[in-house]
Amino acid sequence: MSDGEQPKPRRRRGRRRGRRAAGPPEAGAENTNGHRQKAPADTPPAATPKPQRSGPRRPSERLRTVHETSAGGLVIDGLDGPKDRQVAALIGRIDRRGRMLWSLPKGHIERGETAEQTAIREVAEETGIQGSVLAALGSIDYWFVTEGRRVHKTVHHYLMRFAGGELSDEDVEVTEVAWVPVHELPKRLAYADERRLAEVADELIDKLHTDGPAALPPLPRSTPRRRGQTHSHTRNHRADSTARPQPGGRTNGSGQSP
């Protein structure tokens, strides 16, 4: 190159339009020389796009919460005698698994009733016997879902003295009724909360024997219910059966005693 000549600028090759983005070539794609090339063996297959949801999501349905109040009692016969002769009235119901579950009689507080009045009425309806309220044992509350509702139930329980009548299982909600020795309540009652109430009753009975009725705690104030409430329980319909006599002049419901 002579001194008078100027160097010619080098021409840059323009980028080819439509050039693929960086990344491994697809299987069977052509290279720049026009030859087809294979994708590497370890190249993962292309991801399949997820199908899109059609339409907006439906909001989850919220259950309506209702509150229910019930009352019941532990009726004991032979309160003035020795403990080993005392018996309590229990009701039995068959659960979905076919098991007999023993519990205390109880039911909804109706409009115009106090909790004590309900306890006396429900005991009579579910067991056939009469009882008088002596003291409060305590309250139990729990939650369950039924018929599209979320129910919060509170049950008030009372210690009651047997005042007469005979055990009967005519109530359609009850499968069987029975007199159970008081010292067997912890292993006969199906629910832990009611077993604790039986322990409270045992302490109150000791006070009754030692210091008389004046030693029992006063009943909590209870006012008549002003409004009705829901009844979310399932009735067990069954055939009527004949009651048979039990020792001590009492009668028990159909079937074997617990």
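## A salt-bridge network around Arg121

Let's start with arginine 121 and glutamate 113, whose side chains meet in a salt bridge with N and O 2.5 Å apart. Here a salt bridge means a side-chain nitrogen of Lys or Arg within 4 Å of a carboxyl oxygen of Asp or Glu. Salt bridges that share partners join Glu113, Arg121, Glu122 and Glu125 into one network. Glutamate 113 counts as buried because its relative accessibility is 13%; the classes used throughout are buried for under 20% relative accessible area, exposed for over 50%, and partly exposed in between, with a 1.4 Å probe and protein chains only.

A word on the source: this is a predicted model, in which local features need pLDDT of at least 70 and side-chain atom pairs count only at pLDDT 80 or more, while totals for chains, interfaces and linings use all residues. Residues are numbered from 1 along each chain as its sequence is written, and side-chain values use heavy atoms, with hydrogens and water left out.

## The chain as a whole

The chain has three helices and eleven strands. These are DSSP runs numbered from the N terminus, with helices being H or I of at least four residues and strands being E of at least two. Along the sequence, their order is β-β-β-β-β-β-α-β-β-β-α-α-β-β.

Of the 258 residues, 34% count as buried. The chain exposes about 18,100 Å², and carbon and sulfur atoms supply 48% of that area; accessible areas come from the Shrake-Rupley method with a 1.4 Å probe, and for residues only the protein chains shown count as cover. Among contacts with a separation of 6 or more, 70% come from residues 24 or more positions apart, a contact being heavy atoms within 4.5 Å.

Strand 7 is joined to strand 8 by 16 bridges, and the two run antiparallel; strands are said to pair if DSSP finds at least two bridges between them. They form a hairpin with two residues between them, and glutamate 147 in the turn has a positive phi of about 50°. Threonine 146 stands opposite arginine 149 of strand 8.

Strand 3 runs parallel to strand 8, with 13 bridges between them, and glutamate 68 stands opposite lysine 153 of strand 8. Strand 3 also runs antiparallel to strand 6, through three bridges, where serine 70 has histidine 108 as its bridge partner. Two further bridges join strand 3 to strand 4 (residues 87-94), again antiparallel, and isoleucine 76 stands opposite alanine 88 there. Strand 3 is mostly covered, with eleven of its 14 residues buried.

The whole structure holds 14 salt bridges. One of them joins the side chains of arginine 161 and aspartate 80, at 3.2 Å from N to O. Arginine 161 lies in strand 8 and aspartate 80 in the loop between strand 3 and strand 4, so this pair ties together parts 81 residues apart in sequence. Arginine 161 is partly exposed at 25% relative accessibility, whereas aspartate 80 is exposed at 65%.

Lysine 83 forms a salt bridge with aspartate 206, their closest N and O atoms being 2.6 Å apart. This pair links distant parts of the chain, as lysine 83 sits in the loop between strand 3 and strand 4 and aspartate 206 in helix 3, 123 residues apart. Lysine 83 is partly exposed, with a relative accessible area of 28%, and aspartate 206 is partly exposed, with 35%.
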